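Let's take a friendly walk through this model and look at its pockets and a few residues along the way. Have the structure open while you read.

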Amino acid sequence: MARPKLSNNPRFAASDRVPPEAAFVGFRGASAYRRFDPCDERSDLYTGDLTPVQNGPFGNPKWLKSDGSRTFPKSEQSKPRLIPFPTQSCGHKQRQAKANHSSFPSRVLLLLPPPGGPIPWPDWPPSAPTAPTSSRHAAAVVTAGGGRRPGFYAGTDAALCDDLLQEVFRLLPPAAAPAVSLVSRRWLSLLRASTSSLTLRLPASAPGAAATVAAALAVLLTHYPFLSALTVVSAAATPAACDGDALLVTVAAAPAAARLSALRLLSDSAVSPASLLAACPALSGLTSLHLTAVRPLSFRWLELLPRLKSFALVNSAASVDCAGSSSDDADGGEDGAARTLPLERLSLCGIRSGDRGLGWLWRRCGSLKWLQLRACDGTGDGPASLTFASCLAGLLALELRACRAVADRVLLLAADHCHKLASLLVYDGCSREALHRFIQQRAAGLHTLDLRLPLDLHNDHLLAIGAEPDHGGLDPTHNLAALRLQSCVLITGDGLRSLARTAAGVGIEELALVSCDVVEREPGLLTFLTQSMRRLRRLDLSYNETLNDKVIGAMLSSCRNLIDIRLRGCRGLTGGSLISLLRHCGQSLEILDISRCPSIAVGNVELFAQRTTRLNRLIIEESVISEELKAIAQKKGMKIGSLLPCEGPF
């Protein structure tokens, strides 16, 4: 229906200002009230037998026909029109009418009848409820006594369909879920149906209560039929209190099992291969799986997950007893017809050299692109096993965390087989010789090098990183863009300066010197590095406690392109560092971390946040965030708060 024009409304008409006949067709709210008023009427234009009625339904004198109906004046006989009446007041009588009839709707839709056709005067209150025509129409309708009429919609809830509410719930932050669930049973049901990611922490229970915990979990999962990501964390006091097999079978029997794409089952007890073989057909849609432990160690069930791209296994000390035999031992020999698994990311923790069954996995990981070993003292199947090298050919990223016993062997194999490796991370353990050989062979192709080796990294490693590779007479190419060094106490300023002068050093875009003594020992080092590394965009100087404002100011004067700077734990910095940042990088900086810097006043932070132009992330403790800083962040669309556990440098 076309939108009515003001000229069609008799109150605004230029002819005679006579209001038309009207009938209620819908309500539009419950605020101000509008009724017919004598000042709108010109009775001399009406024809027919008219009788004055002092107490009409609208609280004002109305001119009706004797039979209770009313006709249009001749000048207003026209085709039907739908006109919303305005809500402004019309003098003393109008205000008096409001007081007498406060339960009438504020705005009504007026339907003009066909020319000459009388309509009966509508009864009030209406005799039968009508369904809402819009969300505004669905406002609560009350009787003259104030009670709610049976059959009427209670509010906008009834006018919103389930799909619309679920879409709204998906846009809400997780913190709003408890409040939404308390509105009504319908909202609770729709909230559960719209939940796609869920984390459950099972409470501690008495030993032998595994069946009770599994039954409660099964009932709870029936309310979430559309989950795509599920995390179950067991907080049981003993492994027997929460059986890993029972939890796995319960999840596999849930209504959302076929929809799950990510599952993290962090139970205190190990999962058996038999349970995995039984549950995997129901979980065939998984693309990511995280398990605490599998005992006895076996990986044959991975063949039943055709879409699995990421797998993490954590052999925690609480669930690992001893290195036992694996059901894969019978297939331990070389198998040329082995089918390749779709795995691209693999993380193993707590693997020992005597664990059996790893050879079966290594031979089938030809598509592996990311490998992480944590707290491992071997690669399984004995120290003489050569199957580990089968998964290294296509590897792009390798991480060795606290694997001193096996780090040398892995680095030497990676130097010989990882021709596509672009990222290497080594924390807490490797020999000087193995690392030097790897750098000589593979440093030219590395994009990211992350080292935390307090007693193993020396200046000769930095010189090897900057050395020009031999390409048979072709122009050497360097791909190193990120260099991250943590707690490296044996490197000196000369080593870093030598690296900065090379072609590899000039191309560095990300530099991290976290808790490095060399930064504190040589104040002019940072200025030299920023002058030499012209492409530097991200800088992390966290936990250098003696760093002061003067060093930061001198460094920033020659580095004006920073978009990300981390100064976490630099206790010697004050508001002067923020002034230097604002002067030199205020137009480019996007991320700033100044958490655990107690000498920086909140007023300096507010001034910096107000004047910077591109800052979108400010990392600072929640306890020092003022109301003014919150207002500035909200106005500029800036995120403020502490660093999340899943977030790291850069």
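Predicted model: local features only at pLDDT ≥ 70, side-chain atom pairs only at ≥ 80, totals over all residues.

| Pocket | Volume | Lining residues | Nearest the centre |
|---|---|---|---|
| Largest pocket | about 410 Å³ | 18 residues | P174, A177, L191, T195 and S197 |
| Second largest pocket | about 310 Å³ | 17 residues | H290, A312, S347, W370 and Q372 |

Let's begin with the largest pocket, which is lined by 18 residues. Two or more of these residues come from each of α3, α5 (185–194) and β8 (197–202). Which element gives the most to this lining? That is α5, with four residues. Sorted by class, the lining of the largest pocket holds twelve nonpolar residues, together with four polar and two charged ones.

Now turn to the second largest pocket, with its 17 lining residues. Here the elements that supply two or more residues are β11 (288–291), β12 (310–314), β13 (345–349) and β14 (370–374). The biggest share comes from β12, which gives five residues to the lining of the second largest pocket. By class, this lining is made up of eight nonpolar, five polar and four charged residues.

**A nonpolar patch on the surface**

Next, have a look at L164, V168 and L172, which form a nonpolar patch on the surface. Together these three residues have about 220 Å² of accessible area. L164 sits in helix α3, which spans residues 162–171. Helix α3 is also one of the elements that give two or more residues to the lining of the largest pocket. Is L164 buried, partly exposed or exposed? L164 counts as partly exposed because its relative accessibility is 42%, a value between the limits of 20% and 50%.

**A residue in helix α7**

The last stop is D245, which is found in helix α7 (residues 244–252). Why does D245 count as buried? Its relative accessibility is 18%, and buried means under 20%, so D245 falls in that class.

Terms used
Residues numbered from 1 in each chain as written. Heavy atoms only, no water. Patch = residues over 30% accessible without salt bridge, like charges linked within 9 Å, V, L, I, M, F, W, Y side chains within 5 Å. Areas by Shrake-Rupley, 256 points an atom, 1.4 Å probe, with all protein chains shown as cover. Salt bridge = Lys/Arg side-chain N within 4 Å of Asp/Glu carboxyl O. Buried < 20%, exposed > 50% of the residue type's maximum accessible area, 1.4 Å probe, protein only. 1 Å grid on protein atoms, 1.4 Å probe; cavity = no way out; pocket = protein on both sides within 12 Å on 5 of 7 lines; lining within 4 Å. Points joined across faces, edges and corners; volume = space filled by probe spheres on them. Nonpolar A, V, L, I, M, F, W, Y, C, P; charged D, E, K, R; others polar.
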